[in-house]
Structure formats: structure tokens, C-alpha cells
Amino acid sequence: MITDANTVPRNACLYAEVCVIGSGAAGIALALTLSDKGKSVLLLEAGYDREDSRTQALYKGEVSNEKLHSPPDKYRQRRFGGSTPIWGGRCVPFDPIDFDTRSYVPFSGWPISYKDVSPFYPAANVWAEAGRCQYDADEVFGLASVPMIRGFVSPVVYTNSLERFSCPTNFSKRYRNRLQRAVNVRVMLGANCTAIRLQPNGQQVQGIDVATLSGNRFSVNAKMFALAVGGLETPRLLLASRDVSAAGIGNEYDVVGRYYLCHIAGSVGLLTIKGSTNVVRHGYEVAPDGVYCRRRLSLAPSEQRRLGLANMVARLHFSGIADPSHRNGVLSGLYLAKNLISYEYGKRLDDGGTATFATYLRHLRNVLTDPVDTSAFLLHWLTKHTYAERKFPSVILRNKTNRFALEINGEQIPQATSRVALIDATDELGVRRLRVDWRYSPLDIDSVRRTLDVFASEFERCNIGSFQYNRDALGEDLMRYGAFGGHHIGTARMGNDVRTSVVDANCKVHSVDNLFVAGSAVFPTSSQANPTLTIIALSLRLADHMARSLSDVVVSPTVAGLGQ
Ligand SMILES: Cc1cc2nc3c(=O)[nH]c(=O)nc-3n(C[C@H](O)[C@H](O)[C@H](O)COP(=O)(O)OP(=O)(O)OC[C@H]3O[C@@H](n4cnc5c(N)ncnc54)[C@H](O)[C@@H]3O)c2cc1C
């Protein structure tokens, strides 16, 4: 059932076995899996189906340096489905090494291993509509597999690892009917959790406060609560809930909001491949299950360990879209359209205001003098992206020059000083807003630099081409657009040590018996991988744990039902 929070009688107290707060990928996967296991769930969602500026404004906050991190109301959506209506759909599981304690990555090491999460990846792939859980090109394409770069065979640089693409699935649309039909799930839209109230001993959630923008107020009581509100809102709610502890919930050691991670990302250097253009396969391939896939360059885990490097991948990318000398009509068209694209997708096309009128004219000339490619691209985009159910993931063109930039997606090294914290200003519902102070470390840049050096020397050793980049400007290149948006990680990290973590191996807040966190806030390290597939996998694991724990306790009839 899907209802509106404004229909709840004012000051009522609702009951459910489990209350899940937030209906993004994490919350929907968690709620429906719990329901499949026979548990009754109340799923509270702040927003409605569409983006609405008043609701979205509840996400506003400050950033310490806007060049490094976008404002907190960008790159996330406060609405039914969370950010999935705008996500890119790139799905990649974490690597086994990501869970390990690595002496050269401070604060690394999860309290669980890859083996604890991997059983949930196949189902996570299904939730994300990313096809089979196969991420190795040879496994996926078998005898039809064509190498990424012909002649490039390296024991330390892999080219076989794939990323798969979701439709991209908008979770509110895709799972709406299931949520509507499920007898033991009640979804409540427009329901903003404004505070979590603890029992006086601080060890149990007593209830949560809920408010709507139309002025309704009520509370919810449940056996268990799960925060699935995303990597920025989770610490915000924990820190803002101060009725028992002045420092907020789970914050006895000042860890909530700290160790904030994104990904280190940027387009770097120039890779020139020898030979004809069909030596390289840099674009999308369609797997036998119909899912778009793409290969990446990655460094063998043994080599990461030997050299003390964080995890990182690189994709072959266009070099310099903003520079019209590429003479490509499609790229120029994309550049000219950047102001029409949403903030999130236009940001990385921005040239920092350096373009002159002449630059725009040269881009326009490229479009006009390249009508065949431009028209072919438009037709392809309309049929395979705009009007397709499973969308061609992004603009990739046949490369006529065999020259590429490397598009980096790198793990970031955790540090306590990278953090989000509350400020005095409050939102319309009276909840204190966030200030984001995202920081990176010279170690992050150095790790990318040394990984690129391995790539460069392996390209040369295999005589397939050369890779050059400006070593001195690497930090600037990687930080041109700041932190990679949309990946909000580590702000309620998982661990065994209460002094450096907020939740335990079961995603339960250490100090509170019935409060759990679903989402990337719990990741202690960020991997090279985009977060959502692992968010879903961990939500499914959490559902198993919560359902098992609930079955161990005798549930009273009022709490088991969804009454008022
Ligand atoms: C432009 C863009 C592209 C992206 N591309 C990719 C990609 O290709 N691959 C990938 O893996 N990831 C990608 N991401 C990241 C991905 O979208 C997120 O990892 C994922 O959506 C997070 O899911 P979530 O459920 O944890 O959080 P969210 O999606 O943030 O959902 C949180 C939910 O909680 C609700 N909520 C918040 N506060 C409250 C409250 N107080 N009370 C009640 N409800 C509340 C929100 O309305 C929202 O519905 C992208 C993100 C963006 C912005």
C-alpha cells in the first residue's frame, strides 16, 4: 500500500515490526526483502514521485569549498526512489581486496570479508536489472571475447574486468507495483523523519518523529529501525538526534560524519595506441543477456599490495571535449548542450569559464561540418537511449585517431578530517543542516600517479603505444571538478572498534540495539567501484539479519501489525 503522510491523524503513533526510513535503492530492496520474509514494514519516504523544489530544499547545506564538493542538494534526490531516477546505472561489485586491512591504506579493513557480501551480488544484479553476476569479459563473451587492446597482455594490468549497466532502473517506478501490492508493506510518502528518540538508557530507539511539509506531525514505534536515507542524511539524522546524548546517536567517539569518502576521478593524459583503430575496443559491448558492458584497465591485487597502492580503474575516454580542435561534431554538440543538461551531468563538461566566443564558434563549425556523424549519432541516441527501455549508457563514439585520455575512478584513502557536521541553520522542518568538508590527501594523488606509471610502463613493454601525462599537474587534473558526485561514503562506517566505527558487522549502530543503517554510509573504504550494487547487496544481507533477529524475539500482536 502507498499512502500520503498527510492522511495520518495528527500526533498519532504508528506501529510496525520494522520501520525503514528512506526509499532509495537501499530502502526499497530492504523493505521488499523483509516483506518477502513475512515481516511487516513501514517505509517512510520524505518525497513524492517527482522532484519538488520545497522537498529538495530540505537537503540544502553548506560546503567548505565548492570547487572540491558540490552543494549537498545536488547529486542526490529527496523523492520516492531516492537518487535512482537520475543515476547512471553503472554496476560493479567491490573486489575482494577492498575488504582487507591494508597497512598502506590507513583505516582500511572491513569487519566482514568479500565472502560475506558476494552471495548477495547475484540478487543485487537482479534488483538493479544489470543481468547476470558475471564481471569477467572472457566469462561473459566466451570464444567471442575480443581483447580491449589487441596485443596488450600484461601480468599486472588487467583489461578483462567489466562494468555492467542497469537500465538504469528507477527504483520507484520499477518496484511501485510490488510495494503497492505487498500486504505487509506500507509506504508513506511525504513523511520526513526529523528525529530519532532513544530510551533514557540510550540503548533502544523508542520512536521517531515524522513531519510533513503541510504541517502534519506524528511518531512511529517499531521493533527495529533502519536508516536508508543516503550517505549524507544518515550522519545528519544521527547527529541531530540529541535527546539522550548531546553528541548525537552512535557518536560517543566523534566518528559520525567523519572519514567521509567519495571517489578520486578525472580524465588524465594521452594514450596513443599504435596501429589501426580496430585494435582497440573502448566502447560498450552487449552481453548475451542484453546488458551493456564496458571494459576497464585495472591493477592486479598482488601488484597493488606489492607497491602499496589504493584500488583504481581507468576507462579509455575522449581526450579534451572542451577543446574544439578534435573537430568532432558530436563532441562539440555535447559541449554546446552542456548548459541544457542537468547540473549533475553537465558539471564535468564545464571548462571553468575559459571558453571564448571564438571557442563556441569553432564548436559550432564542427557540428555544421560533420553532418553525417552528427545525424547518425542523433538517430542512434534517440533510438538507443531516449526511447529505449534499456538505455545506451553514455556518449561513446568511434575513435578515429586512436588517442585517448584515461578516465580514472579511484579509491580514496579514509581520513578523519574529511567530514560532514551540523551547522546552526535549520531546514523548514527545524532539522539542523549539514556542512560538508570533503578532503583528499596527497596519498590519493600519489597512488593514482604510481598506478598510471605502471600502466605506462606496461603499454611500452608490450609495444602497443605510449601514455603520457603531466605528473606535476596530476593533482589539478584530478581535482578539476572535485569529488566525484553522488558517491557519499563512510560517514557511519562499519567496524569492530567503537572508537573508529559507528556500526558493527551487521550494520547495527554499536550502542543502540534496534537501529541499523543501510547504504554507503557504512562502507569503511570506497573501492574503485561505484557504490549502488554493493549498497543493494548489503541491504539484502541486512534484511536476512533483521528477519532472523526478529524471528528470535516474540513479537506482540500490536507491534506485528501495521496499526495506529
Ligand atoms: C547523477 C548521479 C549518477 C550516479 N550514477 C551512479 C552509477 O552509475 N552507479 C552507481 O553505483 N551509483 C551511481 N550514483 C549513486 C547512486 O545514485 C546512489 O549510490 C544510490 O542511489 C544511493 O541509494 P540509497 O538508497 O542509499 O540513497 P538515496 O538514493 O539517497 O535514497 C535516500 C532516500 O531517503 C529519503 N530521505 C532522506 N532523508 C529522509 C528523511 N529524513 N526522512 C524520510 N526519508 C528521507 C530520500 O528522499 C531518498 O528517497 C549516481 C548518483 C548521481 C546523483
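Search the whole structure for cavities and you find two of 30 Å³ or more. A cavity here is a set of points on a 1 Å grid over the protein atoms alone where a 1.4 Å probe fits but cannot get out. This is a predicted model, so to speak of local features takes a pLDDT of at least 70 and side-chain atom pairs count only at pLDDT 80 or more, while totals for chains, interfaces and linings use all residues. Residues are numbered from 1 along each chain as its sequence is written, and side-chain values use heavy atoms, with hydrogens and water left out.

**The cavities**

- The largest cavity has a volume of about 50 Å³, where volume means the space filled by probe spheres set on the points, joined across faces, edges and corners.
- Its lining (residues with an atom within 4 Å of a point) includes His69, Tyr75, Cys262, Phe484 and His488.
- By class, that lining has five nonpolar, five polar and one charged residues; Ala, Val, Leu, Ile, Met, Phe, Trp, Tyr, Cys and Pro count as nonpolar, Asp, Glu, Lys and Arg as charged, and the others, Gly among them, as polar.
- The second largest cavity comes in at about 40 Å³, and Met312, Glu411, Asp444 and Thr451 are among the residues that line it.
- Helix 13 (residues 442-461) gives the most to this second lining, with four residues; helices are DSSP runs of H or I with at least four residues, strands are runs of E with at least two, and both are numbered from the N terminus.

**The cores**

- The largest nonpolar core has 143 residues, and Ile208 and Leu452 have the most contacts inside it.
- Helix 15 (residues 532-552) gives the most to this core, with 11 residues.
- Apart from it lies another core, of 15 residues, including Phe165 and Val330.
- A nonpolar core is a set of buried Ala, Val, Leu, Ile, Met, Phe, Trp, Tyr and Cys residues joined through side-chain atoms within 4.5 Å, and buried means under 20% relative accessible area with a 1.4 Å probe, protein chains only.
- Setting aside neighbours within four places in sequence, Leu452 is in contact (heavy atoms within 4.5 Å) with residues including Val268, Met312 and Phe467.

- Four strands make an open, antiparallel sheet in the order 5-7-14-13; two strands pair if DSSP finds at least two bridges between them.
- Strand 5 (90-91) and strand 13 (284-286) are the edges, each pairing on one side only.
- Strand 13 and strand 14 (residues 292-295) pair over three bridges, and Tyr284 has Arg294 in strand 14 as its bridge partner.

Definitions and conventions: 1 Å grid on protein atoms, 1.4 Å probe; cavity = no way out; pocket = protein on both sides within 12 Å on 5 of 7 lines; lining within 4 Å. Buried < 20%, exposed > 50% of the residue type's maximum accessible area, 1.4 Å probe, protein only.
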